[in-house]
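Colleague: I would like to learn how to read a helix and one of its residues. Please take me through an example.

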Amino acid sequence: MLSYHEQLTLRLAAGIGELDEAVRTRHIEFLLGKQQPDGGFAGREGASDLYYTSFGLRSLAILGELHGEVAQRSAEFLQTKLSGHESVVDFLSLIYGAKLLETAAGIDLFAQAPEGWQQTVAETLNSLRRDDGGYAKGPEGMASSTYHTFLVLLCLQLIEQPIPDPQSMVKFLLSQESEEGGFREIRASKRAGTNPTAAAIGALRILDALTEEIIEGTLDFLVEMQNDEGGLRANTRIPIADVLSTFTGMLTLTDLAAFDEIDQDAALRYVRSLEQPNGGFFGAAWDEVADVEYTFYGLGSLALLHTPSDFQLD
């Protein structure tokens, strides 16, 4: 059975395939130009890192360009990170990047890894488990995070390790639901957000714990997040839409078979307004620089808005 990430990659690739060749080409050229000499990808400043490299690889994968020299150079960069001690976010970036390279280019980054490495990784991840059933952002963190709980779940899926006590994880996720709909990032948060809501719904889908009541509250919340720009906002206190929230919100609506609950034409106009003539996407109307992270969200948004209506995963 395909993991959540693998299903998402296939879905986005199907949508990207519907775009004009000229559109795909300019974004491919933008991304290839962002690959660093060491094979990784960097943010707006600094050296290559796992986080941005993951977005570069995910974008190239859905564009069908993760192969050959580009893939080999990326593998060499990821190889240098195998012995490091990474955060949950960076570790997921490493694991997912490795899986993409294996699937798209036949490169097995873990071919020389010691036997039982998956179990060792799972034990490390599970050290972040807290008494409420969720997972903290790091070893020193006391509060469980909706987003990091989702990330740990994705990591365990990718390395094919069992989910310990899934019912406690479900209980934590449900405790993060806001009375007004949507989900909070941490228990102390005062309001729900688009991105933690996407994480919670993704996790609950994997855990087969979605109910009609949860779906209804989530839809009410996400529909409210679309503003006059056409994109989705991060939460009710932020007036400006951004392409990250637009992507995660639309993905959640797609997962809930409710994409038609928002104005898709307005969303498409918004995403196109952030697309740059030489490739790449700005993050929002305030932005002035295109980077690989927001380019993935922009491409992902276009893919969701162009996915064939008859697309199905086997």
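Colleague: Which residue caps the N-terminal end of α13?

Modeller: Bear in mind that this is a predicted model. The cap is Asp-291, which places a side-chain oxygen 3.2 Å from the backbone nitrogen of Glu-293.

Colleague: How many residues does α13 have, and how far does it reach from its first C-alpha to its last?

Modeller: Helix α13 runs over residues 292–306, which makes 15 residues. Its reach is 21 Å, close to the 21 Å expected at 1.5 Å a residue.

Colleague: Why is α13 described as largely enclosed by the rest of the structure?

Modeller: Buried means under 20% relative accessible area. In α13, 14 of the 15 residues are buried, so the helix is largely enclosed.

Colleague: What does the side chain of His-306 reach?

Modeller: An α-helix has 3.6 residues a turn, so residues three or four places apart point the same way. Here the His-306 side chain reaches the backbone oxygen of Leu-302 at 2.8 Å. Leaving aside neighbours within four places in sequence, the contacts of His-306 are Gly-15, Glu-18, Leu-19, Leu-268 and Arg-272.

Colleague: Which residues does the domain annotation cover?

Modeller: An unreviewed UniProt entry annotates residues 24–67 and 201–310 as "Prenyltransferase alpha-alpha toroid". In the model, residues 24–67 are 55% helix and 0% strand, while residues 201–310 are 53% helix and 0% strand.

Note on methods
Residues are numbered from 1 along each chain as its sequence is written. This is a predicted model: local features need pLDDT of at least 70, side-chain atom pairs count only at pLDDT 80 or more; totals for chains, interfaces and linings use all residues. Side-chain values use heavy atoms; hydrogens and water are left out. Helices (H or I, at least four residues) and strands (E, at least two) are DSSP runs, numbered from the N terminus. The expected span of a helix is 1.5 Å times one less than its number of residues. Buried means under 20% relative accessible area, exposed over 50%, partly exposed in between (1.4 Å probe, protein chains only). A polar contact is a pair of N or O atoms within 3.5 Å; within protein, one must be able to donate a hydrogen and the other to accept it, and residues adjacent in sequence count only if both atoms are side-chain atoms. UniProt positions are given in the numbering used here, feature names are shortened, and annotations may be inferred rather than shown by experiment. Contact means heavy atoms within 4.5 Å.
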